Amino acid sequence: MTVIRLTKMGRKKRPFYRIVVTDSRKRRDGSWIESIGYYNPMIEPEVVKFDAERLAYWKSVGAKLSDRVAAITSK
């Protein structure tokens, strides 16, 4: 199944996340199909940027959102 979730980037104690489309069987930081945005929780205010059109497309073809992605994209 295809899932939209976060993959961790950045360095130790300075996390930065990409919002990616990947196969649910892959590891968290494994390969992905498409990167559709990013999330930076370390700056104030938190920055969330993503391509809403691509998110809608992937949801329309059956991709599931992880709980965290669903929470940050609904803000």
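**View 1. Pairing of Arg18 with Tyr38 between strands E2 and E3.** Arg18 has Tyr38 as its bridge partner in E3. The model shown here and in the views that follow is predicted. Strand E2, residues 14-23, and E3 run antiparallel and are joined by 5 bridges. A further pair involves Val21, whose bridge partner in E3 is Glu34.

**View 2. The hairpin of strands E1 and E2.** Strand E1 comprises residues 2-11 and pairs with E2 in the antiparallel sense, over 10 bridges. Lys8 is placed opposite Tyr17 of E2. The hairpin has 2 residues between the strands, and Lys13 adopts a positive phi near 65° in this hairpin.

View 3. Strand E3 spans residues 34-40. Of the 7 residues in E3, 5 are buried, and the strand is thus mostly covered. Strand E4, residues 47-50, pairs with E3 in the antiparallel sense through 4 bridges. Opposite Tyr39 stands Val48 of E4.

View 4. Asn40 belongs to strand E3. Asn40 counts as buried because its relative accessibility is 16%, and the term applies under 20%. When residues up to four places away in sequence are not counted, Asn40 touches Pro15, Phe16, Glu46 and Val47. Within these contacts, Pro15 and Phe16 fall in the residue range 14-23 of strand E2, while Val47 falls in the range 47-50 of strand E4. The side chain of Asn40 also reaches the backbone nitrogen of Met42, at 3.2 Å.

**View 5. The two ends of helix H1.** Helix H1 covers residues 52-60, and its N-terminal end is capped by Asp51. In this cap, a side-chain oxygen of Asp51 lies 3.2 Å from the backbone nitrogen of Glu53. Gly62 follows H1 and has a positive phi, near 105°.

Methods:
Residues are numbered from 1 along each chain as its sequence is written. This is a predicted model: local features need pLDDT of at least 70, side-chain atom pairs count only at pLDDT 80 or more; totals for chains, interfaces and linings use all residues. Side-chain values use heavy atoms; hydrogens and water are left out. Buried means under 20% relative accessible area, exposed over 50%, partly exposed in between (1.4 Å probe, protein chains only). A polar contact is a pair of N or O atoms within 3.5 Å; within protein, one must be able to donate a hydrogen and the other to accept it, and residues adjacent in sequence count only if both atoms are side-chain atoms. Contact means heavy atoms within 4.5 Å. Two strands pair if DSSP finds at least two bridges between them.
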